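Hello,

Here is the structure I promised to pass on to you. Have a look at it first, and then read on for what turned up when I went through it.

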Amino acid sequence: LSCRHYSRRGVCVPTCRFAQGETREFAQGGECFECHPECERIEGNVTCNGSVRPGRGPAVAAVTSPRVLTRPPAPQGADTCTRCAHYRDGPHCV
């Protein structure tokens, strides 16, 4: 899939939900991925940074058609949150 701006679950979109919307996202390689549920949603600012460490990248979903995925991408780890929704235990939000 080749999009002008970003893609979300196999559909081209003008932007990711970086700073607004019910579910916040980060972008990697032109694709939008959901922040971890333990990240506190921050109004008007990024909720997670989506940093990826070897072996910990977003789950890659298989595309069966330009608009259908066999499974959605998994949220990024709870250690990429800007702030935690509840508590921080070391680098992770819990």
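A salt bridge here is a side-chain nitrogen of Lys or Arg within 4 Å of a carboxyl oxygen of Asp or Glu. By that criterion, the structure holds seven of them. Please keep in mind that this is a predicted model, so let me begin with the confidence and the overall layout before coming back to those pairs.

Confidence

The protein chain has a mean pLDDT of 79, with 72% of its residues at 70 or more. Where pLDDT is low, the predicted coordinates should not be read in detail.

Overall layout

You will find eight strands and zero helices in the protein chain. Of its 94 residues, 30% count as buried. If we take the contacts between residues at least 6 apart in sequence, 43% of them join residues at least 24 apart. The exposed surface comes to about 5900 Å², and carbon and sulfur atoms supply 51% of that.

Salt bridges

Let me start with R8 and E25, whose side chains meet in a salt bridge at 2.7 Å, N to O. This pair links distant parts of the chain, with R8 in strand β1 (residues 6-8) and E25 in strand β3 (residues 25-28), 17 residues apart. Are the two partners buried or exposed? R8 has a relative accessible area of 17% and is therefore buried, and E25, at 3%, counts as buried too.

A second salt bridge brings together the side chains of E40 and R83, at 3.7 Å, N to O. E40 lies in the loop between β4 (31-34) and β5, while R83 lies in the loop between β6 (68-69) and β7 (88-89), so this pair ties together parts that are 43 residues apart in sequence. E40 counts as partly exposed, at 27% relative accessibility, and R83 counts as partly exposed as well, at 43%.

R41 also has a salt bridge, with E43, where the closest N and O atoms are 3.8 Å apart. Here R41 is partly exposed at 38% relative accessibility, whereas E43 is exposed at 61%. The pair belongs to a network in which salt bridges that share partners join E22, R24, R41 and E43.

The side chain of R24 reaches the backbone oxygen of I42 at 2.6 Å. Leaving aside neighbours within four places in sequence, the residues in contact with R24 include R17, F18, F33, C35, N45 and T47.

Disulfides

The structure holds five disulfides. Counting the bonded cysteines along the chain, they follow the pattern 1-2, 3-4, 5-7, 6-8, 9-10. Three of them are described below.

C3 is joined to C12, with an S to S distance of 2.1 Å. The torsion about this S-S bond is about -80°, so the disulfide of C3 and C12 is left-handed. C3 counts as partly exposed at 23% relative accessibility, and C12 counts as partly exposed at 42%.

C16 is joined to C32, at 1.9 Å from S to S. With a torsion of about -85°, the disulfide of C16 and C32 is left-handed. C16 sits in the loop between β2 and β3 and C32 in strand β4, so the link spans distant parts of the chain, 16 residues apart. Both C16 and C32 are buried.

C35 and C48 form a disulfide with their sulfur atoms 2.1 Å apart. This link is left-handed, with -75° about the S-S bond. C35 and C48 each lie in the loop between β4 and β5, 13 residues apart. C35 is buried, as is C48.

Happy looking, and write back with any questions.

Best wishes

Notes. Residues are numbered from 1 along each chain as its sequence is written. This is a predicted model: local features need pLDDT of at least 70, side-chain atom pairs count only at pLDDT 80 or more; totals for chains, interfaces and linings use all residues. Side-chain values use heavy atoms; hydrogens and water are left out. pLDDT is the predictor's confidence in each residue, from 0 to 100. Helices (H or I, at least four residues) and strands (E, at least two) are DSSP runs, numbered from the N terminus. Buried means under 20% relative accessible area, exposed over 50%, partly exposed in between (1.4 Å probe, protein chains only). Contact means heavy atoms within 4.5 Å. Accessible areas come from the Shrake-Rupley method with a 1.4 Å probe; for residues, only the protein chains shown count as cover. A polar contact is a pair of N or O atoms within 3.5 Å; within protein, one must be able to donate a hydrogen and the other to accept it, and residues adjacent in sequence count only if both atoms are side-chain atoms. A disulfide is a pair of cysteine sulfur atoms within 2.5 Å.
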